[in-house]
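Please read the following report alongside the sequence and the coordinates.

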Amino acid sequence: MTARRPASTAAALVILAVMLFPLYWMINASLLPSTELIGDSPTWLPLHGTLDGYRQALSTQGAHLVTSLVVSLGTVALTLLISVPAAYGLAQLRAPGGRALQFALLVAQMIPGIVMANALYVAAGDLGLINSPFALILADSTLCVPFAILVLHAFMRSIPGELREAAAIDGASRLRTLVAVFLPISRNAVIAASLFSFLFAWADFLFAVTLTTRDDSAPVTVGIYRFIGAHMTDWNSVMATGVIASVPAAVLLVIAQRYVAAGIADSAVKE
Amino acid sequence: MPALVSARRTTPGAHAAGVRGRTLGARWAAFAFIAPTCLYVLVFYVYPLAGNLRMGFQDYTVKSFYTGVAPFVGWDNYRAVWQDPAFGGTVLNTVLFTAGSLAVQFAAGLALAMFFHRRFALNGVLRSLLLVPWLLPLVVSGTAWRWILETDSGVLNQTLGHPVPWLASTDLALLSVTLVNIWVGIPFNMVILYGGLQGIPAQLYEAAGLDGANAWQRFTRITLPLLRPVTVVVLTLGLIYTLKVFDVIMVLTQGGPADSSQTLTTFSYDLSFQQLAFGRGAAVGNILIVVAVVFAFVYLRATRDAEGRR
């Protein structure tokens with residue numbers, strides 16, 4: 001079983017090349033000048049590359065990127081604020097009603113997004129929150145809370161209860177035990193939950209397109225969507241925007257790979 | 001919603017388990033930790049769900065936002081949706097899109113999982129790189145595909161040598177969005193099925209090999225039967241997620257041309273947010289809920305069975 005099997009590695013590289021081709025093609029187009037994008041034959045390598053697309057993307061989509069960043073960070077904060085105590089209560093304190101809550105969270109993930117968008121739009125309209133980043137943070141958190149609780153709960157359940165009892169004997173309150181003892185131990189799970197929440201909020205399109213009607217309050221997913229609508233032929237800057245919008249995912253993959261792997265392994269409940 | 005009714009019914013049992021050997025004060029203190037989430041579930045899941053069910057029976061339009069008046073109209077919205085000329089085609093599209101996506105995603109995911117289940121150099125790195133498409137925002141990958149499938153200067157047609165209207169033809173649009181959705185779903189299927197394959201003891205294959213079973217027999221007699229619980233989970237979750245698909249279709253075709261790639265999800269969006277007939281949009285959303293609930297129960301049953309077997 002220690003064989004290197006170069007043929008298998010070669011086959012895997014071919015599979016990977018096919019699966020990742022759309023991403024390569026996006027990066028390629030983001031660097032090509034418009035003259036090389038339109039024509040009868042493809043330009044496979046950006047040998048006469050230009051950064052015009054990126055300049056254009058930053059000037060037209062910069063504000064959308066900032067909105068996305070604000071909304072995503074806000075979603076992470078709100079998600080943790082709700083999920084950490086809940087996971088602790090479920091995993092360590094065996095809170096009454098816990099099983100019912102877990103079941104409700106499982107079912108909640110199966111509600112079709114368009115149904116949530118429909119109802120949240122009406123609610124946001126009543127509260128005057130259309131176009132408010134706060135409404136987007138609240139809406140996006142519905143994508144994150146069930147998953148964050150799942151990841152945190154799975155981790156906190158594995159921490160021995162003696163730790164909690166020892167803290168109680170030392171006179172720590174339950175809240176203090178959570179903040180001073182359990183939170184530092186659960187650091188990896190908290191990071192995994194935060195990374196995924198950030199990514200879910202960053203990638204959200206449905207809530208973004210329904211809860212924002214003004215262009216200046218839209219996050220980058222809607223920015224790209226409206227950009228293709230308006231500048232169909234300007235593929236160079238559309239693709240540059242796409243590359244910039246992919247940066248968080250790339251960072252996540254490179255820096256935080258072990259957390260990602262842990263998150264995926266913990267749960268089959270994420271699309 | 002039946003799921004929530006039964007959720008409440010389980011409360012007394014869970015309650016009793018928590019009570020044992022603890023004071024009333026400790027129980028309340030423990031409940032305080034999950035109370036914000038309970039409130040959250042009520043406000044952000046139960047309330048929208050109930051709101052949508054109610055809206056399905058109301059004449060809810062733009063005017064309702066200003067006047068606050070939305071008269072109840074019984075089943076009128078459902079009747080209007082049923083009689084909508086686009087409805088029949090949309091249901092058929094949804095079935096074809098979902099069934100096509102699931103079948104091919106699963107087959108490709110299983111093939112890749114089995115391929116990566118063997119040892120070879122760089123296996124781990126290449127396998128995790130395969131997940132990249134799954135981590136990107138769907139709007140971004142959808143946009144990349146739109147550029148690839150572009151009729152005049154897209155790379156696919158440039159390679160084929162003639163301009164096929166992948167997204168602009170009523171005959172091809174549904175096929176194109178299904179293919180892109182398959183590409184999106186393969187990594188998820190591969191990851192879960194790979195996990196399932198790792199759970200099958202290697203000795204079974206060794207014993208079968210000694211008994212003279214060939215590769216096909218090992219696949220049909222060992223792999224497929226032992227993978228069954230994971231298969232059910234992957235397919236039901238895949239189904240629930242495929243019904244929800246919105247971003248990919250919106251970016252590629254917006255459900256067009258002429259509703260040829262419209263599914264129930266994009267149809268509901270179109271009714272609510274383009275035609276501003278929120279009552280009818282909610283009615284279509286409620287049809288989706290019914291389908292999702294049915295399969296949610298299949299999923300819950302399947303995971304319970306799988307846990308019981310472990």
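## A phenylalanine and the core around it

B:Phe116 touches A:Ala12 in the other chain, and within its own chain B:Asn123, B:Leu126, B:Arg127, B:Leu130, B:Met190 and B:Tyr194, when residues up to four places away in sequence are not counted; contact here means heavy atoms within 4.5 Å. This is a predicted model, in which local features need pLDDT of at least 70 and side-chain atom pairs count only at pLDDT 80 or more, while totals for chains, interfaces and linings use all residues. Residues are numbered from 1 along each chain as its sequence is written, chains are lettered from A and ligands numbered from 1 in the order in which they are written, and side-chain values use heavy atoms, with hydrogens and water left out.

The largest nonpolar core holds 175 residues, and A:Phe205, A:Phe207 and B:Phe116 touch the most other members. Domain 1 (1-50) and domain 2 (59-266) of chain A both contribute residues to this core, so it lies between them. A nonpolar core is a set of buried Ala, Val, Leu, Ile, Met, Phe, Trp, Tyr and Cys residues joined through side-chain atoms within 4.5 Å; buried means under 20% relative accessible area, exposed over 50%, and partly exposed in between, with a 1.4 Å probe and protein chains only.

## The two chains together

Between the chains, 98 residues of chain A are in contact with 94 residues of chain B. About 8,700 Å² is buried between chain A and chain B, 76% of it on carbon and sulfur atoms, where buried area is the accessible area (1.4 Å probe) that two parts lose on being put together, summed over both. The count of salt bridges between chain A and chain B is zero, a salt bridge being a side-chain nitrogen of Lys or Arg within 4 Å of a carboxyl oxygen of Asp or Glu.

## Chain A and its domains

Chain A has 13 helices and zero strands; helices (H or I, at least four residues) and strands (E, at least two) are DSSP runs, numbered from the N terminus. Its C-alpha atoms fill a box of roughly 75 × 65 × 30 Å along the principal axes, and 58% of the 271 residues of chain A count as buried. Among contacts in chain A between residues at least 6 apart in sequence, 72% join residues at least 24 apart.

The centres of domain 1 and domain 2 of chain A, taken over C-alpha atoms, are separated by 32 Å, the domain bounds coming from an automatic or database domain assignment. Seven residues from domain 1 of chain A and seven residues from domain 2 of chain A form the contact. The area buried between these two domains of chain A is about 580 Å², of which carbon and sulfur atoms give 72%. On the side of domain 1 of chain A, A:Met26, A:Ser30 and A:Leu37 lose the most area to domain 2, together 64% of what that side buries.

## Annotated spans

The UniProt record (unreviewed entry) assigns "domain: ABC transmembrane type-1" to residues 91-299 of chain B; UniProt positions are given in the numbering used here, feature names are shortened, and annotations may be inferred rather than shown by experiment.

| Span | Helix and strand | Distance between end C-alpha atoms |
|---|---|---|
| Chain B, residues 91-299 | 76% helix, 0% strand | 22 Å |
| Chain B, residues 95-116 | 100% helix, 0% strand | 31 Å |
| Chain B, residues 277-300 | 96% helix, 0% strand | 34 Å |
| Chain A, residues 103-122 | 80% helix, 0% strand | 27 Å |
| Chain A, residues 134-156 | 100% helix, 0% strand | 30 Å |

## Loops of chain B

B:Thr263 lies in the loop between helix H15 (247-252) and helix H16 (264-274) of chain B, where B:Thr263 is buried with a relative accessible area of 3%. Not counting residues up to four places away in sequence, B:Thr263 touches B:Thr90, B:Thr94, B:Phe97, B:Val245 and B:Ile249. B:Pro257 is also placed in the loop between H15 and H16 of chain B, and the peptide bond from B:Gly256 to B:Pro257 is cis, with omega near -10°. B:Asp259, in the loop between H15 and H16 of chain B, has a phi near 65°, a positive value in a residue other than glycine, and is partly exposed with a relative accessible area of 34%.
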